[in-house]
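Here is a short report on one protein chain. Start with the sequence and the model, then read on.

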Amino acid sequence: MRILLYLISIVAANVVTAAFAPLNLGIFIVPMGTLLIGATFIFRDLVQNKYGRKKTYMFIGFALGLSAIVSSLLGDTLIVVMASAISFAIAETTDTEIYTRLNLPMSLRVLYSGVVGGILDSAIFVVIGLSPLGAGFLPWEAVPFAIMGQVLVKTIIQGIAALIIHQTNHSSKNTIAH
C-alpha cells in the first residue's frame with residue numbers, strides 16, 4: 001500500500017500540474033501539483049521504513065521512469081521532463097540519505113529530510129525547467145518567487161505530516177503504557 005501511495009502521488013502531481021494553472025499566492029507562484037509533491041517525500045519515507053534503503057532506491061528509480069513517462073504523455077516539453085527527472089532524482093536521493101542518517105524520532109526525520117528534499121526539488125526544477133535557462137516559462141525576476149512558493153507549500157505539508165506522525169506515535173506509546 002505504501003508503494004502504491006508513493007507512485008500514485010507522483011503520477012497525480014504530474015496530472016494536477018498539467019491540468020490546472022498555478023496558484024498565485026501573493027508574490028508566490030505555486031503549481032497545483034506541489035500540494036502532492038510534498039506528500040511524495042512522506043510516502044517515500046514510509047516505503048523506506050518498511051522495505052529499507054536499498055529497496056527504496058529501486059522504487060525511486062521506478063517512480064522516476066513513471067513520472068517521466070506520464071509527464072511526456074501529458075505534453076510536457078523535453079526540457080521540463082528532464083528538469084523534473086533531475087530534480088526528482090536529486091531530491092529523493094537527498095531525502096533518503098538524510099532520513100537514513102538522522103538518529104531522531106520519525107516525525108523529525110520526516111520533517112528535516114522532506115524540507116531539504118523540497119528545497120532541492122523546487123530550486124532545481126524551477127531553474128532548469130521553467131526559467132529562461134530552460135523552457136522560459138518564467139522570467140528571472142519570477143524565479144525566486146516560484147521557488148519560495150513551492151518551498152513554502154512543501155514545508156507546510158512536511159510540518160503537518162510530522163505533527164500527525166508525532167501525535168500517532170505519542171498516542172500509541174500512551175496506549176501501550178496504560
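## A buried aspartate

Asp121 counts as buried, at 9% relative accessibility. Buried means under 20% relative accessible area, exposed means over 50%, and partly exposed lies in between (1.4 Å probe, protein chains only). Asp121 is found in helix α4. Leaving aside residues up to four places away in sequence, Asp121 touches Ile37, Phe41, Ser87, Phe88, Ala91 and Lys154. Contact here means heavy atoms within 4.5 Å.

## Ground rules

This is a predicted model: local features need pLDDT of at least 70, side-chain atom pairs count only at pLDDT 80 or more, and totals for chains, interfaces and linings use all residues. Residues are numbered from 1 along each chain as its sequence is written, and side-chain values use heavy atoms, with hydrogens and water left out.

## Overall build

The chain has 5 helices and 2 strands. From the N terminus on, the elements run α-β-β-α-α-α-α. Helices (H or I, at least four residues) and strands (E, at least two) are DSSP runs, numbered from the N terminus.

How does the radius of gyration of the chain fit a compact globule? With 178 residues, such a globule would have a radius near 16 Å, and the chain agrees at 16 Å. The radius is taken over C-alpha atoms, and the globule rule is 2.2 Å times the number of residues to the power 0.38. Along its principal axes, the C-alpha trace spans about 60 × 35 × 25 Å.

## Inside and surface

Of the 178 residues, 40% count as buried. Among contacts with a separation of 6 or more, 71% come from residues 24 or more positions apart. The accessible surface of the chain comes to about 9,200 Å². Carbon and sulfur atoms hold 74% of that surface. Accessible areas come from the Shrake-Rupley method with a 1.4 Å probe; for residues, only the protein chains shown count as cover.

Met1, Leu4, Leu5 and Ile8 form a nonpolar patch on the surface. Together they have about 410 Å² of accessible area. Patches are made of residues with over 30% relative accessible area and no salt bridge; like charges are joined within 9 Å, and nonpolar side chains (Val, Leu, Ile, Met, Phe, Trp, Tyr) within 5 Å. Leu4 is found in helix α1, residues 2-19. Leu4 is partly exposed, with a relative accessible area of 47%.

## Salt bridges

How many salt bridges are there? The count comes to 6. A salt bridge is a side-chain nitrogen of Lys or Arg within 4 Å of a carboxyl oxygen of Asp or Glu.

Back to the aspartate of the opening section. Asp121 forms a salt bridge with Lys154, with the closest N and O atoms 2.7 Å apart. The pair links distant parts of the chain: Lys154 lies in helix α5 (residues 143-177) and Asp121 in helix α4 (residues 106-130), 33 residues apart. Lys154 is buried, with a relative accessible area of 2%. Elsewhere, salt bridges that share partners join Arg44, Asp45, Glu92 and Asp95 into one network. Asp45 is buried, at 0% relative accessible area. Arg44 is buried too, at 0%.

Another salt bridge joins the side chains of Glu97 and Arg101, at 2.1 Å from N to O. Both residues lie in helix α3, 4 residues apart, which is about one turn of the helix. Arg101 is exposed, at 58%.

## A serine in helix α3

Ser84 is found in helix α3, which covers residues 78-101. Ser84 is buried, with a relative accessible area of 17%. Not counting residues up to four places away in sequence, Ser84 touches Ser67 and Phe125.

## Aromatic rings

The structure holds 1 aromatic pair. Tyr51 and Phe59 form it, edge-to-face, at 5.5 Å centre to centre and 65 degrees between the planes. Rings of Phe, Tyr and Trp (its six-membered ring) pair if their centres lie within 6.5 Å; planes under 30 degrees apart count as stacked, over 60 as edge-to-face and the rest as tilted. Tyr51 is partly exposed, with a relative accessible area of 31%. Phe59 counts as buried, at 14% relative accessibility.
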